[in-house]
Amino acid sequence: MNIPLRNNASALPLLAAALATLIWSSAFAAFAYGLSAFSPPELALLRFGVASLILAVPVALGMIRLPPRRDWPAVALLGLLGMTVYQLAFGYALTRVAAGAVAVIIALAPGVTSALAALRLGESLTVRMAIGLAIAFAGALLVTLGSGRAMRFEPLALLVLVSVLATSVYFVWQKPLLARTTPIGFTTLSIFAGTLGLLPFGLHLPEKLLVASAPQIASAVYLGIAPTVLGYLAWNWALSRAPVSTVSSFLYAQPLLVSLFAWLWLGQTLGALVIAGGVLAISGVALTVRGSRAAAPAPVDTLSPRMTGLRQRAASC
């Protein structure tokens, strides 16, 4: 009997990346609803505050082990970049920049991440992967255009580039740290750091909570539980077990998923351009994944000769 354990193991990080992308895409409606009661920094602080409270309990009980103390400064710095800076830059940009322009610039994140991964981690970027990333970006652009979002650019669009760079650095620079700790420990400490960084920007949050409605607060709680805790855990777990460029390519499917959620929950129609762009984006992601698998080196068998012989006999059953 031939059990494809290796194929299943290699598919799990991709499933985790897909799950994180799906959860993050569902957050757009909740984020937009929460902005009716809170400013972007206040909503971000409430979101990450909820996530920190949830994670603080298992940390206090010893169920989650934080990274080694020597890595705390590096993890905290990455948390400030990938969460505090990203949330502030992205939130302030949304108040002035057209949503379509934001979506297009954010779609640059997988490409920037792949370039940084090649420079920082030495990950190979094959021709097939480069073509896949380009196709996926074109698909994300078509989805944005097909959704009828305005494409007017403003100077504050540079803030979106800041958020793209911040999240790309967070994704790439965490890779060596994940080799010395668990994804849940790294995620927890980075969320703690991101929350502390947001505190000075949410000084009026307590008074806003007194007048906000229960559904508005519930939307922020959802953002803290699903996109922040579950989303980042799944994403960082995928990054710990797969190439950064491959995992980040899944973000190209986000515009399509956001449109699907808008169709299901808000009744917005899906135009032909959105559907075509979605197919193109998913095709590009698939091509990128196939290219990364082709470029991956063959795993080194570290089993003892006896175990190797047993495995060979089991595979021939």
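Which residues form one aromatic cluster? Trp 24, Tyr 170, Phe 171, Phe 186, Tyr 232 and Trp 235 do, where rings of Phe, Tyr and Trp (for Trp the six-membered ring) pair if their centres lie within 6.5 Å, and planes under 30 degrees apart count as stacked, over 60 as edge-to-face and the rest as tilted. The model is a predicted one, in which local features need pLDDT of at least 70 and side-chain atom pairs count only at pLDDT 80 or more, while totals for chains, interfaces and linings use all residues. Residues are numbered from 1 along each chain as its sequence is written, and side-chain values use heavy atoms, with hydrogens and water left out.

The protein has 14 helices and 0 strands, these elements being DSSP runs numbered from the N terminus, with helices (H or I) of at least four residues and strands (E) of at least two. Of the 317 residues in the protein, 48% are buried, a term that stands for under 20% relative accessible area, whereas exposed stands for over 50% and partly exposed for values in between (1.4 Å probe, protein chains only). Among the contacts between residues at least 6 apart in sequence, 90% join residues at least 24 apart, contact meaning heavy atoms within 4.5 Å.

The structure holds 7 aromatic pairs. One of them joins Tyr 170 and Phe 171, whose rings are tilted, with 6.0 Å from centre to centre and 55° between the planes. Tyr 170 is buried, with a relative accessible area of 0%, and Phe 171 is likewise buried, at 3% relative accessibility.

Phe 186, a member of the aromatic cluster, also belongs to the contact between α8 and α3. Two packed helices are described by the angle between their axes and the distance between the axes. Here the axes of helix α3 (residues 72–94) and helix α8 (residues 183–198) come within 7 Å and cross at roughly 55°; axes are lines fitted to C-alpha atoms, for helices over the stretch in contact, and angles run from 0 to 180 degrees between N-to-C directions. The two helices α3 and α8 are therefore oblique to each other, since angles under 35 degrees count as roughly parallel, over 145 as roughly antiparallel, 65 to 115 as roughly perpendicular and the rest as oblique. On the α3 side the contact includes Trp 72, Leu 80 and Met 83, and on the α8 side it includes Phe 186, Leu 189 and Ile 191. The residues of this contact divide into 12 nonpolar, 6 polar and no charged, where Ala, Val, Leu, Ile, Met, Phe, Trp, Tyr, Cys and Pro count as nonpolar, Asp, Glu, Lys and Arg as charged, and the others, Gly among them, as polar.

Thr 187 also lies in helix α8 and is buried at 0% relative accessibility. Leaving aside neighbours within four places in sequence, Thr 187 is in contact with Tyr 232, Leu 233 and Asn 236, and Tyr 232 is again a member of the aromatic cluster.

Another cluster member, Trp 235, is touched by Thr 21, which also touches Phe 250, Leu 251, Gln 254 and Leu 257, not counting residues up to four places away in sequence. Thr 21 has its place in helix α1 (residues 5–34) and is buried, with a relative accessible area of 1%.

Finally, Ala 242 is found in the loop between α10 (214–239) and α11 (244–248) and counts as buried at 9% relative accessibility. With residues up to four places away in sequence not counted, Ala 242 touches Pro 13, Lys 175 and Val 247. The C-alpha atoms of Ala 242 and Lys 175 are separated by 9.8 Å, although the two residues are 67 residues apart along the chain.
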